[in-house]
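Let's take a friendly tour of a protein structure.

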Amino acid sequence: MAEKKKSWKEIPIGGLILKAGNAMEYKTGGWRTFRPEKNDKKCINCLFCWIYCPDSSIKVEDGKMAGFDYDHCKGCGICAQVCPVKCIDMKKE
Amino acid sequence: MAMVEVAWHGRGGQGAKTASQFLGEAALDIGKYIQAFPEYGPERAGAPMKAFTRISDEPIYVHSSVTNPDVVIVIDPTLLLGAVDITDGLEDDGILLVNTDKSPADIRKETGFKHGKVGTVDATKIALETLKIPMPNMPMLGAFLKVNSIVSIDEVSDIVKAKFIKKLGEDKTRANIEGIKRAYIELKIG
Amino acid sequence: MAQAKSKKIPLTGDQAVATAMKQIDPDVVAAYPITPQTEIVMYFSNYVANGQVSTELIPVESEHSAMSACVGASAAGARTMTATSANGLALMWEIVYIAASLRLPIVMPVVNRALSGPINIHCDHSDTMGARDSGWIQIYCESGQEAYENTILAVRIAEHKGILLPVMVCQDGFITSHAVEGVQLFDENKVKEFVGEYKAAHPLLDVDNPVTYGPLDLQDYYFEHKRQQSEAMKGALKIMPELFKEFEKTFGAKYDFIDTYRLEDADIAVIALSSTAGTARGVIDALRKEGVKAGLLRPRVFRPFPREKILSALKNVKAAAVLDRAESFSAEGGPLYTEIKAALYDSDIKPLVTNYIYGLGGRDIFPDDIKKVYSDLGAALKNKKVSNPINYLGSRE
């Protein structure tokens, strides 16, 4: 359900955004038609996907590709396209 | 005292604006209310221009240009040749002061100004002899002081000193004051 | 008087404003010279070069850049000023609106000049009247003295937490900007004390509390932000009197949204902004001697529009002429006229009202012109109707 929008009295003046990093709260995962899925056996952890992802939705742990942030991934498929070993498949949601 | 209104006629670069301001500032210094303002057309050296000084014991609120001056001061004699109607609005008891080597009678003939007073002084000659450049504005200010005692020569000299000493140095400042004094003495009235 | 009267010193209106800016010593000034504002920038540049102020002066390449630099500086948390005229204001246009919508308290002296074309450098109000809906507070000054005082006052108005709107301090090009008059200056320390130090609520340079200025704002919230601007402008009407009072207490100069002259018992009144009001005063004195009950109303603040003050000042007036030094080409008269008429619509008073467009492109307005307006008002009063609602005073027929 959509969040109740605030009145003019409740928001910062001048269109200012006072909270840093608030884009985290804006979930764009729902825009997705195809979701990326990784074949762990093929992945060589080159992190091309992490470099190219326009929405910072590739999770990395200890220098290794650790999956997708499905709250924000829009399913654009760039990661699958740039993967040199083709270990990412785009599957219909 | 009623308001005194002075119209200065000169050409851009002859110092009419400066003279109008010095007169006003001298009067302000002794507690009068003043206005001094130029009337610009296209701002270029050599173009006819006007400047005005208003002096009063009461606050001055009017903000239009002077249409009925008490004193008209012509800094550049070539302006009498018809480019500008010098005596327009000059009251019957008004005073016309002209920088010229001619006599007041000659100027009356040339301008057709029959009333009031006409004063002439060769301010350009005085400027050339004192300041060594043809800048007749300060001598014409001296001529004004002769016909109107609202401020004294000393009061005006103080302003000239304050304004010029840094910009022009001591010699030229003294020459400017000398020019004022000479025109004060040499003004012919008729 | 809160302080002993100092000696008046001879200054042009531009010099008076530059002096106010020197005393305020803003953090940043970004400006581009344009006649007849040039002297403000010129004199202020001297102060910067001589080390008399600690201002960072940004000599930009255009007015669009001037206002852009001001927006950046003000958002960064700096007390910011600029100054302009006519086509310079027009070139700033896009950013003028942005400054107001970002709620940046920039103070901008504007030396009113005709907006081209045909090209003209002399006074009328077409430049700032065009910007009347930009969200800036607008103050109009009768003299260099007022321009000086309002520039100081404007800093406090703009930066007040309940207002946070940019302010234009308008004076008449050449007529007051280039006329030397005796100006009473305030003690510099007192000015500094009055304006205080500017502490922005959300400065961009506060890296510990990051903030975003100017994000995209669409159908869901843009309207609310505009609503905030409306409410801030209305709020200014309530807050400004406190600042007027404090100004009077500090400097002894009395301020209000409007100024009146012999209006209390006047039958006929002229309503005019800026220097023309001064010229009207002498005419009123002369008419009063003839037994004509003439008066003057001069709105000092045009944005926000001081409706209540204006209505209460006009309550005894039977016929009024609104003098507009700007044409709005609406075929319905000038901007001040339409505002005054609109204010009267739902009030109890219904004076006859006429409009005179005058003084465009620096056309001089003489006491005789204003006398004619009063004489027209007298006739309207007698006939109980206005013969011509929109007139052109001083234009050749």
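A residue is called buried if its relative accessible area is under 20%, exposed if over 50% and partly exposed in between, using a 1.4 Å probe and protein chains only. Helices (H or I, at least four residues) and strands (E, at least two) are DSSP runs numbered from the N terminus. This is a predicted model, where local features need pLDDT of at least 70 and side-chain atom pairs count only at pLDDT 80 or more. Residues are numbered from 1 along each chain as its sequence is written, and chains are lettered from A in the order in which they are written.

**A strand in chain C**

Start with strand β13 (residues 319–324) of chain C: six of its six residues are buried, so the rest of the structure largely encloses it. On one side sit C:A319, C:A321 and C:L323, and on the other C:A320, C:V322 and C:D324.

Two strands pair if DSSP finds at least two bridges between them.

| Partner strand | Sense | Bridges | Facing residues |
|---|---|---|---|
| β14 (residues 352–358) of chain C | parallel | six | C:L352 with C:A319 |

**A patch on chain A**

A:F48, A:W50, A:I51, A:Y52, A:V60 and A:I78 make a nonpolar patch of about 570 Å². Patch residues have over 30% relative accessible area and no salt bridge, with like charges joined within 9 Å and nonpolar side chains (Val, Leu, Ile, Met, Phe, Trp, Tyr) within 5 Å. A salt bridge is a side-chain nitrogen of Lys or Arg within 4 Å of a carboxyl oxygen of Asp or Glu. Accessible areas come from the Shrake-Rupley method with a 1.4 Å probe, and for residues only the protein chains shown count as cover. Helix α1 (residues 48–52) of chain A gives the largest share, four residues.

Definitions and conventions: Side-chain values use heavy atoms; hydrogens and water are left out.
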